[in-house]
Amino acid sequence: MAMLREQEEAELPPPLAPCLVKFTHCDRDIYSSAVPQQCPICGQNPVSSWDLEQAPVSIPYPFFNAHREKCSFVLRPTKGGFLGEYDGCSDLHVGITSSKGIVHHYNESGSHKDATGWEQSVSIPLVPPDQYALIHQWDSYLEVFSCNEKWLPHRYDENDHNCYTYALMFINSLLHLQEKRTFTKEEFTEKFVLPKTRRASKYITLCHEVAQNDYYIVHHSTL
Ligand SMILES: [Zn+2]
């Protein structure tokens, strides 16, 4: 554990995406890092080439390098990475990316711009790629918005005026400019954030199980 902490503090690049596959045998869904020669339950070859239903599928990696995501809402653990020490209930931190992948965010020391550190994030794109006018003005809106005195350090409040307030207020101010309906925190979370974070946390669970036991075996469709 100590080694993990040291690595994270040194801000080394995140490890390569772990490979995760699912295959079906013995009426179970079996997750592992690669399809084995033998099924861990019955000991037979788990892949019969004529059975499409049992064909292994790879589980898509749910994280993105936020610095390659333009005009997006991005989310990561406040400390460390999702696939490091994150235990499913540690604090999360959110931000908004510029059209060049700079993450703008707000915390107790004010508003910030990060060019690194968000390599393993959940990402929610906010602008369809054909909205050129909006993308063109995005960075200057974001700069002006971030300079507002609302985002001075002393205004920070862990519960009522935090990173999420900042990100959502930016999104709502753009929606308002476009005369579109704005979102409450609950609406935005329910509609956009939770579907992605649920998928990410399933992936984290699978990675932990596979790392510890080589296999994670479940009845059909419980995951
Ligand atoms: Zn089997």
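User: In what sense do strands β4 and β5 pair, and over how many bridges?

Analyst: This is a predicted model, and in it β4 (residues 72-77) pairs with β5 (residues 92-97) in the antiparallel sense, over five bridges. Facing Ile96 of β5 is Phe73.

User: OK, and what's the strand order in the open sheet?

Analyst: There are five strands, in the order β7-β6-β5-β4-β8, with antiparallel pairing. β7 (110-114) and β8 are the edge strands; each has a single partner, so one side of each has no neighbour in the sheet. From one strand to the next, the twist averages 25°.

User: Switching to α4. Where is the kink?

Analyst: At Val193, shortly before the proline Pro195. The bend is about 50°, and the helix covers residues 185-213.

User: Which residues of α4 are buried?

Analyst: Ala200, Tyr203, Cys207 and Val210 are buried.

User: And what covers them?

Analyst: The cover includes β2 (28-32), β8 (122-125) and β9 (216-219).

User: What follows α4?

Analyst: Asp214, with a positive phi near 70°.

User: Now confidence. Which element has the lowest mean pLDDT, and which the highest?

Analyst: Helix α1 (residues 2-9) is lowest at 38, and strand β6 (residues 103-107) is highest at 98. For the chain the mean is 88, with 88% of residues at 70 or more.

User: Where does pLDDT stay under 50?

Analyst: Over residues 1-14, where the model has 11 contacts beyond four places in sequence.

How values were computed:
Residues are numbered from 1 along each chain as its sequence is written. This is a predicted model: local features need pLDDT of at least 70, side-chain atom pairs count only at pLDDT 80 or more; totals for chains, interfaces and linings use all residues. The bend at a residue is the angle between axes fitted to the seven residues ending there and the seven starting there. Helices (H or I, at least four residues) and strands (E, at least two) are DSSP runs, numbered from the N terminus. A residue is buried if 20 or more other C-beta atoms lie within 10 Å of its own, exposed if 12 or fewer, and partly exposed in between; C-beta atoms are placed from the backbone. Two residues are in contact if their C-beta atoms, placed from the backbone, lie within 7 Å. Two strands pair if DSSP finds at least two bridges between them. Axes are lines fitted to C-alpha atoms, for helices over the stretch in contact, and angles run from 0 to 180 degrees between N-to-C directions. pLDDT is the predictor's confidence in each residue, from 0 to 100.
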